[in-house]
Each structure stands twice: as C-alpha cells, then as structure tokens.
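Colleague: I'm new to this one, so please pick a single part and take me through it slowly. Keep it chatty, and spell out the cut-offs as you go.

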Amino acid sequence: MAANKTSPLEQFTIHRIVPIHIGRLDASFTNSALLMCIVVGLVVAFMALSMRGARLVPSRWQSMAELSYEFIANMVRDNAGAAGARYFPFVFTLFMFILFSNLVGLFPFSYTVTSQFIVTAGLAVTVFIGVTIIAFARHGFHFFTFFFPEGAPVIMAPLLVPIEIISYLSRPFSLAIRLFANMMAGHIMLAVFAGFVVSLGLFGVLPILFDSVLIGFEVFIGILQAYVFAILACLYLNDALYMH
Amino acid sequence: MDLASAKMIGAGLAVMALAGVGVGIGNIFAALVNAVGRNPSARSKVFGIGILGFALTEAVALYALVIAFLILFG
C-alpha cells in the first residue's frame, strides 16, 4: 500500500498525447490541450445547436442558451456601461470558457484546464493588458490621473500613488490566483479524502459521502469563480473606460 | 533546525491568515441575513452581491494557501 502511494498533486501532471517538437520548442498536444479543445467544442456546440431552429417561444435548450447570453449581457451593461457593451463578446467567451472548463474538470478521469496557473495567468494577463490598452487609447496620458483619487489632499500623494499603482499592478495576479487556487484546492481536497477511503475499512463510507457533497460544492464554486472572473473583467473595463 | 522542519513551521504560520478570512466571511453573511431579515423583498438584490463578496473573500484564503504550498513544496 505504501509502495505505490500517490500524492494528491499527481492528478495535475501534464501528459503529452502527441509529442510535437519544433526545433527547441515543445509544442506537444497535451491532455490539457485536449481538454481545452473539448471545452471549446462543447461551448460552440451548446450555443450553436441550442439556437438552431430558434422559435419565439423557446425550447429548453434555447432558453438555456438565451439565459446565459442575457445574464452576461446584463452584467456587462450594468458594470461596464454603454461604452463597454461592445466588449460583450470577449466577456461572454471568457465566462463560457472558464465555466465549462471548471465543470468538465469534475468528471472522472478528466483534467481541469483552469487548475494550471499558466492557463489562468494567460487569461488574466489578457484581460489586464487589454483593459490597459483600452484605457490608454481612450484617455491618453490622462490615464495616469487614475492613480490619484480626486478629492484627496495633495499632501497624501507620495503615499497614495505608489499604493494605488501597486494595487493596480496586482490585479492580474489576484485574478489569476483566485481562479487557479480555487480549482486546485478543490481537486486536492477531493483527492485527499478519496485517499482515506481504503485505509478506513468499513468507515470508508464516510469519506465517500463527504466527497459526494464536496463535488456538489465544487460545481457551485466552479460556476461562482467563472462569474467572479467575468464580473471583475467588467469592473476593470469600467475603470478603464470611465476612470472612477 | 533543518530545512524540512522549518518548511512545516512556515506553512503552519502561513495558514494562520485563515482566521481573518473566517471572520470576514461571517461578516458578509451576517450582513446578508440582517438585510433580508429587515427587508425580505430585498433578497434578490442583495443575494448576488453577497455571493460575490463571499467569493472575493474566499480568494484571500486561497492566497494564503498558495503561500503555504509555495513554502512547503517550493
């Protein structure tokens, strides 16, 4: 038993399914890439097939697709205003990708794409750089007044401005780590409790029951984290477009 | 003190931050229950913000966990 003891971190290892080496670059098709393709395929299939033969009184699938569309459209309009509505496709794509990645990772023998820091960091840095470019394009160098909240006494500037700059630069990190840590911690907990089942013998039923409840909780957290990522992207967009 | 013990102690110290997070999450839901108790019709309005606040506070707990993991396995 102790000989093939596996750690709960083993579920996150990346396997190359199709090794592809271009010079010194390792561009292999990994299990993470496979799951990303599956997720994108599922999102496209969900939206496209649900809206096929769309009727005025929607069928069940159509109303689910419309619900998700309206949910994000309302969120973007409420949080990013009228000027932010043109960024709706980006926020919707972000939300659906993260949502489906989180949920597909809960299936047995599946892999959670968003449990890798590089994936969530890629998404977060995309949002951060995009929002900063939008801010510069809209406000030019006036953007730097964002770091000095208006109405604050000028004496406080040497203290306030560095703090504001640091908190602005920490946005992509917090965005990435929030999603990554939630997914990783959830899956580690599932693996740890599953490891207790055999060693407890008859009482091994208890970890199984706890894991069942935990999977339900993980579904909720997966949906919530997708929503939090999307709404924070909208709020950062609001900051960039309207500067407080 | 060897490195492995120091790592364990460091990880243990890092997760002490979760006490603050527990207080914070309790605060959010206390405010939520209070608001719904005083004005039950406001439930649909405050529930979304309450859940958002919960997710953002939980994230701080996970930052502490990430630091603990970095100390323990880094």
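Modeller: Chain B as a whole averages 92, with 100% of its residues at 70 or more, and the complex gets an ipTM of 0.82 and a pTM of 0.90 from the predictor. This is a predicted model, in which local features need pLDDT of at least 70 and side-chain atom pairs count only at pLDDT 80 or more, while totals for chains, interfaces and linings use all residues. Residues are numbered from 1 along each chain as its sequence is written, and chains are lettered from A and ligands numbered from 1 in the order in which they are written.

The part I'd zoom in on is a helix pair in chain A. Two packed helices are described by the angle between their axes and the distance between the axes. Helix α1 (residues 31-50) of chain A packs on helix α3 (residues 88-104) of chain A at about 120°, with the axes 9 Å apart. Those axes are lines fitted to C-alpha atoms, for helices over the stretch in contact, and angles run from 0 to 180 degrees between N-to-C directions. So α1(A) and α3(A) are oblique to each other; under 35 degrees would be roughly parallel, over 145 roughly antiparallel and 65 to 115 roughly perpendicular, with the rest oblique.

Who does the touching? From α1(A) come L35(A), I38(A), V39(A), L42(A) and V43(A), and from α3(A) come M96(A), F97(A), F100(A), S101(A) and V104(A). Contact means that C-beta atoms, placed from the backbone, lie within 7 Å. By class, this contact has nine nonpolar, one polar and no charged residues. Nonpolar covers Ala, Val, Leu, Ile, Met, Phe, Trp, Tyr, Cys and Pro, charged covers Asp, Glu, Lys and Arg, and the others, Gly among them, are polar.

Now for the loop between α3 and α4 (117-139) of chain A, where F109(A) lies. F109(A) isn't a glycine, yet its phi is positive, about 65°.

Terms used: Helix = DSSP H or I, 4+ residues; strand = E, 2+ residues; numbered from the N terminus. Contact = placed C-beta atoms within 7 Å. pLDDT = per-residue confidence, 0-100.
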